[in-house]
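Open your viewer and get ready to select residues as you read. Each stop tells you what to pick and what is there.

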Amino acid sequence: MLRKTALVFCTLFIFYYVNAQDLIETVDLVKTDDNVINIYQNENTGEIFRHYSNRIDSSVLDLGIANDLLAENVQEGIIWEKGKKIPFSKGEHFLATNNDFILTVKNIWDNEKEIFVNEVRRYMIIQRSLLESEEKLHISKNNNILMLTNGNFIISNYYDNYGTEFKLYSNKMELLESYKPFMLGFSNIQFAENNNILIAVIYPTRTHRSEKIKMLYINTQNGHLLREKEIYNNFSTSKIFAINDLFILHGAGWFNAFTADGKLKWDRTFDNPVSVFEGDKGNYIYVATVDKIYCLKKKNGSIKWSEKISKYYELNLSKMLERVVDIDVVPLGIYSLYNGAEIGVIIGQTKGTLGKSNLNHQIILFRLDKNGDLLGQIDLAAKSEIVNLKSINDTFKIITDNYVKTYSK
């Protein structure tokens, strides 16, 4: 009897140990009536700020024809977790951030060219304050900016399905390199980066004679071209997933996996990927789609296992809100937990109502083992627009509209 009791105790202890999940820190974000767009955390200091954007009543704008032309009817800025607010100038828009600085853009009048241009501004983040840099950059109004991990950034003139060039700048706003992939311009361009390598996938316009697309591999630190590859244009890439030493291109129902050396590793049919990450041993890739979770063999892209999302998350019809016309269960992301030892899948509900809403409801994090079996779950929020997970070694952080929570195994 004693032996049986001990066996049951050990079994329960092992079960509890495997499924235990400790909340080790909670940072509550001060409530605000501002329209929050996103939430960011400095990975080095742990400081948290929210980017907000509010419409301004036209009656409070400065009077005068010149000001009416220059001032946009918007006020943006940032709010630190304890409530300190730093507004930008009227009409100044948040672009991107890394751990050390923020980029913004504002439409201004260029007296020399006598046209409106976008002025890119740079702010250093110092002890929850912003210090504006003297360096500024003037770009065309329809240019796009993409921040890289190291703080360098890309400016592309791709707009309305057409572009001619993109440029790589340092985090000091110095031009590193310019690229014009096709003489007649391009009809689509997608970027992704990993391990100091930037990949640009570019499609020629229909007027171009070639039926091949270009893949440029670029050093993100100095902008130098590492290699260029042409492949047959079999689909139009809509997403690129960067995982360790692979770049996975997705478009028109296909996955094409390329190595960092520009070699095609495998390709396969695949629909509706939402999020991708690589397991801890480098042998498998985990993918969340709109209705399933997949484990793919990294060496050839074949499916090891797949599970329907409904296996973990069941829609409780009794919790429908009044006047809801449609409810969908949606994956919000798939993540590596504890250096890939576990799989984290965040799932929620979207509710179609008479009004438009970006809220996700009944949001849950499911912890899975490498075979897709459920280890445990954490209820994250009843509703939230923003839901992010950041995995750091043996901990992970959950960021929502109202808090940042840190968990440890």
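**Before you start**

This is a predicted model, in which local features need pLDDT of at least 70, side-chain atom pairs count only at pLDDT 80 or more, and totals for chains, interfaces and linings use all residues. Residues are numbered from 1 along each chain as its sequence is written, and side-chain values use heavy atoms, with hydrogens and water left out.

**Stop 1: the whole chain**

Show the chain as a cartoon. It holds 2 helices and 32 strands. Helices (H or I, at least four residues) and strands (E, at least two) are DSSP runs, numbered from the N terminus. Now colour by burial. Of the 409 residues, 46% are buried. Buried means under 20% relative accessible area, exposed means over 50%, and partly exposed lies in between (1.4 Å probe, protein chains only). Contacts are heavy atoms within 4.5 Å. Among contacts between residues at least 6 apart in sequence, 41% join residues at least 24 apart.

**Stop 2: the largest pocket**

Rolling a probe the size of a water molecule over the atoms shows where empty space is left. On a 1 Å grid over the protein atoms alone, a cavity is a set of points where a 1.4 Å probe fits but cannot get out, while a pocket is an open set with protein on both sides within 12 Å along at least five of seven lines. Lining residues have an atom within 4 Å of a point. Grid points are joined across faces, edges and corners, and a volume is the space filled by probe spheres set on the points.

Select Glu43, Thr149, Glu193, Leu389 and Lys390. Of the 42 residues lining the largest pocket, these lie nearest its centre. The space in this pocket is about 2,000 Å³. Which strand gives the largest share of the lining? Select β30: 5 lining residues come from this strand. Other strands that supply at least two include β2 (36-41), β14 (186-194) and β26 (326-337).

Colour the lining by class. You will find 24 nonpolar, 13 polar and 5 charged residues. Ala, Val, Leu, Ile, Met, Phe, Trp, Tyr, Cys and Pro count as nonpolar, Asp, Glu, Lys and Arg as charged, and the others, Gly among them, as polar.

**Stop 3: the second largest pocket**

Select Thr32, Asp34, Val36, Asp401 and Asn402. They lie nearest the centre of the second largest pocket, which has 13 lining residues. Its volume is about 230 Å³. The lining has 5 nonpolar, 3 polar and 5 charged residues.

**Stop 4: strand β19**

Strands pair if DSSP finds at least two bridges between them. β18 and β19 run antiparallel, joined by 5 bridges. Ile243 has Leu246 as its bridge partner. In their hairpin, Asn244 takes a positive phi near 55°. On to β20 (residues 254-259), which pairs with β19 in the antiparallel sense over 6 bridges. Leu249 stands opposite Asn256.

**Stop 5: the largest nonpolar core**

A nonpolar core is a set of buried Ala, Val, Leu, Ile, Met, Phe, Trp, Tyr and Cys residues joined through side-chain atoms within 4.5 Å. The largest has 16 residues, and Tyr286, Ile293 and Phe366 are among those that touch the most other members. β23 (284-289), β24 (292-297), β27 (342-352) and β28 (360-368) each give two or more residues to this core. Zoom in on Phe366. Residues it touches include Tyr312, Ile343, Val345 and Leu374.

**Stop 6**

Pick Gln75, in strand β4 (residues 74-80). Gln75 counts as buried because its relative accessibility is 17%. Its C-alpha is 5.7 Å from that of Ser53, 22 residues away along the chain.

Next, Thr205, in the loop between β15 (197-204) and β16 (212-219). Thr205 is buried, at 14% relative accessible area. Its contacts include Tyr162 and Phe186.

Finish at Asp245, in the loop between β18 and β19. Is Asp245 buried or partly exposed? With a relative accessible area of 36%, Asp245 is partly exposed. Its contacts include Phe258, Glu278 and Lys298.

Terms used:
Lists of a residue's contacts leave out its neighbours within four places in sequence.
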